[in-house]
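Hi,

Here is the structure I promised to pass on.

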Amino acid sequence: MSGAFLADVNAMFSDVAASIDLPAGLEEKIRVCNTTYVTRFGVRLRGEMYTFTGWRAVHSTQNSPAKGGIRFTPDVDQEEVEALAALMTYKCVQFGLPFGVSKGALKIDPWKREEHELEKITRRFAQELIRHGFLNSGMNVPAPDMGTTELTMMWIADEYRRQRPEDINGLACVTGKPLGGGGIEGRTEATGRGVEYAIQAFFEMVEDARKAGFQGNDLKDRSVVVQGLGNVGYHAAKFLSEEDECRIVSVIEHDGVVRNRNGLNIEELKRHVTAHGGVRGYGGGSYSADGAGALEDECDILVPAAMERVIRSGNAPRLRARLVVEAANEPVSHEADRILRERGVVLVPDLFANAGGVVVSYFEWVKNLTHIPFGLMERRYDEKGHRTLARSLEKMTGKPFPKELEIEFFHGRTEIDLVRSGLEDMMWSTYAELWRSWNEPAGGTRDLRTAGY
């Protein structure tokens, strides 16, 4: 599977590289990883010695540090890590982030380990990365990925500070940390929030919405199928339903699918999944064990937010979504991408749609390097300025300032306000670049993925 994943990523890049005038050999140099570090280390647990295998692949060092997540999963291998590193390069370049790119993994099932064991294993992995120059705020900066959390990042950051106490920027060696450990507000929701902004940007362009067969560009009451109610899928579904008034009609998890054509209650469903480990038994919709088949449910928008290559040549002809938004990494295979394009299904690619996490990681990294929270210097100043403006308006009009607007208007900019504003701006401005490439009068690109590459 991972070999096919890497082959798909390379094929999608090479398809576009072949259509532009690159000097001989440059296509291969861009495509391949610069370095892949493999470590095998031992940890004594329960009176026995266990050996674990980990990877850190550096795809690009055009800029420093190399940025990218670390995943903990039992079926990962080197080719998967290298594929993910390549995708991260294309995301960072597309958004103009000043990073080289890296990706890492540890072959472990984190759900089968007790917390104290997982901490011990994580710290040993961190020691290996530090020893070989793959963990440092100026050289290589990990973040959470599948199977890792803000607590995982905190263990890594703490281990780095123990090993390198003289490094004043030590907290910036990882992003995705908890708020109390140098994290930033909005990081946990960032990738899902970015998916929402990507969909909003798409529908804002009437021409693009029309290409997908939509009449008008309103998101209200659009039917949405979400695969995966992890961090990304949950936040995307939550924001789309609560803020854009979409109907989340199906949620697919590892144990099946739950459906409700009137719209699922995402908060309620998330509590059920957390408590019971899946969607089975949830009373707010109808359950079926055929989760894979639910990708073919009729809907306006399909959001695959779980694993790579879940949409392949076998099921792509049967998809009934008008718009596919890749919230996961490469959930649509190279062959399926061609099939969907030929069928007129529009796809918003992962190298744009799921980049919210690395964008907000950039904000966190900057915060750690500057040693000052966003909004600290200007919040009270803004509040005073807004109150002065309101009082001036009252004097000019002879009318009191509307009470219902006071809280929003007088509210100074907090860190979460600035993070969301910065993410929204980067998602929308980047989509504007994709839109220009896709729709240029002289004959635009064939699709948004090609525009992105």
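**A pair of strands to start with**

In strand β5, A105 is the bridge partner of R71. Before going on, please keep in mind that this is a predicted model, where local features need pLDDT of at least 70 and side-chain atom pairs count only at pLDDT 80 or more, while totals for chains, interfaces and linings use all residues. Residues are numbered from 1 along each chain as its sequence is written, and side-chain values use heavy atoms, with hydrogens and water left out.

Back to that pair. R71 belongs to β4 (residues 70–73), and β4 runs parallel to β5 (residues 100–107), joined by 4 bridges. For the names: helices (H or I, at least four residues) and strands (E, at least two) are DSSP runs, numbered from the N terminus. Two strands pair if DSSP finds at least two bridges between them.

Is β4 covered on one face or on both? Both: I70 and F72 on one side, and R71 and T73 on the other, are all buried. Buried means under 20% relative accessible area, exposed means over 50%, and partly exposed is in between (1.4 Å probe, protein chains only).

Strands of a sheet pair through backbone hydrogen bonds, either parallel or antiparallel. Further along, 7 strands form an open sheet with mixed pairing, in the order β10-β9-β8-β7-β11-β12-β13. β10 (286–288) and β13 (346–348) each have a single partner strand, so one side of each has no neighbour in the sheet. On average, neighbouring strands here are turned by 20 degrees against each other, direction ignored. Inside this sheet, β11 (residues 299–304) pairs with β12 (residues 321–325) in the parallel sense, over 3 bridges. There, I301 stands opposite L323 of β12.

**Two helices packing**

Two packed helices are described by the angle between their axes and the distance between the axes. α6 (residues 190–204) and α8 (residues 231–242) pack at about 45 degrees, with their axes 7 Å apart. The axes are lines fitted to C-alpha atoms, for helices over the stretch in contact, and angles run from 0 to 180 degrees between N-to-C directions. That makes α6 and α8 oblique to each other (under 35 degrees is roughly parallel, over 145 roughly antiparallel, 65 to 115 roughly perpendicular, and the rest oblique).

Which residues of α6 and α8 meet? From α6 there are T191, G192, R193, V195, E196 and I199, and from α8 there are V232, H235, A236, F239 and L240. The residues of this contact divide into 6 nonpolar, 3 polar and 2 charged. Here Ala, Val, Leu, Ile, Met, Phe, Trp, Tyr, Cys and Pro count as nonpolar, Asp, Glu, Lys and Arg as charged, and the others, Gly among them, as polar.

**Some single residues**

T39 sits in β1 (residues 35–45) and counts as buried, at 4% relative accessibility. Leaving out residues up to four places away in sequence, T39 touches F52, T53, G54, F125 and E128, where contact means heavy atoms within 4.5 Å.

Most residues other than glycine have a negative phi, and most peptide bonds are trans. Now look at these:

- S64 and P65 are joined by a cis peptide bond, with omega about 5 degrees. P65 lies in the loop between β2 (48–60) and β3 (66–67).
- E330 is not a glycine, yet has a positive phi of about 50 degrees. E330 is in the loop between β12 and α10 (334–343) and is buried, with a relative accessible area of 0%.
- H371 has a positive phi near 60 degrees. H371 is in the loop between α12 (356–370) and α13 (379–397) and counts as partly exposed, at 47% relative accessibility.

Cheers
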